[in-house]
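Biologist: I have the sequence and the fold open side by side. Can we go through it by question and answer?

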Amino acid sequence: MPPHSPSLVPGPGPGPGARPRWFVPGDIDGLLGLGLDNLIQILLILGLCRGVLGYPDELVFGSILPATGISLAVGNLAYAVQAHRLARREQRDDRTALPYGINTVSLFAYVFLVMLPVKLTALDQGLGEAAAVRLSWEAGLMACLGSGLIEAGGAWWAHWLRRWLPRAALLSTLAGIALGYIALGFLLRTYAQPVVGLAVLAVILVTYYGRLRLPIPGGLLAVLVGIPLAWGSGLIRIDAASWSANASQVGLHLPALQLASLWEARSQLVPWLGVIVPMGLFNVLGSLQNIESAEAAGDAYPVKSSLLINGLGTIAAAALGSCFPTTLYIGHPAWKAMGARIGYSWLNGLLMGGLCLLGLFGLVGQLVPIEAGMAIVLYIGLVIAAQAFQATPRSHAPAVVLGLLPGLAGWGALLLKAGLRTGGAGSASQPFGPALLAPLQRADVWASGAFALEQGQIITAMLLAGMLVYVIERRFLAAALCAGLAAAAAWLGVIHAWRFTQADTVLQLGWGSGGSWALGYLLMALVFLAAALQREKTS
């Protein structure tokens, strides 16, 4: 999430021997920053669930948002208690709690790579809208639960994983998703609404990248600029019917345990492991890096408990009905420099949790459109993509670029299929099928390749980037092992193997279903083995 400029509000100096306080004035600035980040994420959940997935308000306001609110409240309170205990043990009053909220990348990945495909497939199979929505939601619950289990388990094995996995393989994988599904998506939306979008983008650029000194966080200023522009340009139009519909959701919504739904969704686990496992690994390693960042800023939190809180927050979200994992946010040193300590964390949890439980975000979403804050999300995409280059050795840059491509191909496939549906394909009279491919290939649009890269794109990106890292380092046997793993995954249909449904392309699991891709990867492995032998001869 976006860190705020450390120069905005000077924080108090260290206070050894002082008693820790649950609230200090600097927590107001921290709350504005962290609360704004969480607000944008929840508005995205509301917009994507209603607009892209077509979920009814009963599900969104009755289960998803209340569960999201509980996960935010519990996690933020836990990290506040953790910070207070550390401060009390060390007899200091300058400890800053770890920032925590909804995971942006997982939010987009699970909506577009799990929940939307499940719904479209269910509709293709003749199921009604209600049944398709339920299957889609249950798949999201299972994906969220799987991510939480991986995050919680990472408390014990994160250090080992970090030593084994090339950083370029992981960061470039998420950078591809960030560029396609987040940055490019919101850049298009910015230019579709340029009066609001470009002005807000300029504010974000000068405050986050230009480090302009301001009395309020840049993200808050961007929203304050965007709201009147949205009103003035006619982007916000509140009609009585929509206001009444959102107002009718105001009231106490207590989430219920969704254990039965999770049990019904158990069959959804295996088909989506190609998304769940890499996303879970990314969350673990990202949280580990944020803990290390906090330690570099002077707050040495225990790795095990910090990761465990994060994982349990995500598990709680899934168990209560939310499909969206939580995570530790980047920017701890910036919040610390702003003067935020412990209060900004628990205040954020209570505020966001309360708004979710009371069903108020429907009204908030009408008054604060996504366009007023979407530059913040675009900035997040830029940060994630830039980090893939900045946090890896310069010699690994080609591997980072290679790892970006499957995510961009997956996003391109999503746009292509949306265009085909808009043109009338995907109906009962004109279903998706091989006849679509020939005219696209004549136009130099190799849709079959995009559809192949779309399936298991996260695993593909990790393996390709890791492969090239090992080649660059002349570790040809390790590169051959990556190619062998890719061949096995393709043979089982975990990556690349796809088939047409009426209005979509979906993963085709099964023994030998990705045979041609498996053969290609095996040939790659042979080339790498030959290179290893040649290196032995010439060394």
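Modeller: Gladly. This is a predicted model. Let us start with a helix pair.

Biologist: At what angle do helix 10 and helix 19 pack, and is that parallel, perpendicular or oblique?

Modeller: Helix 10 covers residues 273–296 and helix 19 covers residues 457–472. Their axes lie 7 Å apart, at an angle of about 55°. Roughly parallel needs an angle under 35 degrees, and roughly perpendicular needs 65 to 115. The two helices are therefore oblique.

Biologist: Which residues of helix 19 make the contact, and what classes does the contact contain?

Modeller: Helix 10 brings Gly274, Val275, Pro278, Met279 and Leu281. By class, the contact has seven nonpolar residues, one polar and no charged ones. Gly counts as polar. From helix 19 come Ile458, Ile459 and Met462.

Biologist: How many aromatic pairs are there, and how are the rings of phenylalanine 108 and phenylalanine 112 arranged?

Modeller: The structure has 10 aromatic pairs. In this one, the ring centres are 6.3 Å apart and the planes meet at 10°. Planes under 30 degrees apart count as stacked, so phenylalanine 108 and phenylalanine 112 are stacked.

Biologist: Where do phenylalanine 108 and phenylalanine 112 lie, and are they buried or exposed?

Modeller: Both sit in helix 3, residues 104–124, four residues apart, or about one turn of the helix. Phenylalanine 108 has 2% relative accessibility, and phenylalanine 112 has 16%. Buried means under 20%, so phenylalanine 108 is buried and phenylalanine 112 is buried.

Biologist: How do tryptophan 491 and tryptophan 511 pair?

Modeller: Tryptophan 491 is in helix 20, and tryptophan 511 is in the loop between strand 4 and helix 21, 20 residues apart. Their ring centres are 5.9 Å apart, with 90° between the planes. The pair is edge-to-face.

Biologist: What does tyrosine 110 contact, leaving aside its neighbours within four places in sequence?

Modeller: The partners include Met115, Ala143, Cys144 and Ser147. Cys323 and Pro325 are also among them.

Biologist: What is phi of arginine 211 and of histidine 496?

Modeller: Most residues other than glycine have a negative phi. Arginine 211 is exposed at 57%, in the loop between helix 6 and helix 7. Histidine 496 is buried at 3%, in the loop between helix 20 and strand 3. Both values are positive: about 50° for arginine 211 and near 75° for histidine 496.

Notes: Residues are numbered from 1 along each chain as its sequence is written. This is a predicted model: local features need pLDDT of at least 70, side-chain atom pairs count only at pLDDT 80 or more; totals for chains, interfaces and linings use all residues. Side-chain values use heavy atoms; hydrogens and water are left out. Axes are lines fitted to C-alpha atoms, for helices over the stretch in contact, and angles run from 0 to 180 degrees between N-to-C directions. Angles under 35 degrees count as roughly parallel, over 145 as roughly antiparallel, 65 to 115 as roughly perpendicular and the rest as oblique. Contact means heavy atoms within 4.5 Å. Rings of Phe, Tyr and Trp (its six-membered ring) pair if their centres lie within 6.5 Å; planes under 30 degrees apart count as stacked, over 60 as edge-to-face and the rest as tilted. Buried means under 20% relative accessible area, exposed over 50%, partly exposed in between (1.4 Å probe, protein chains only).
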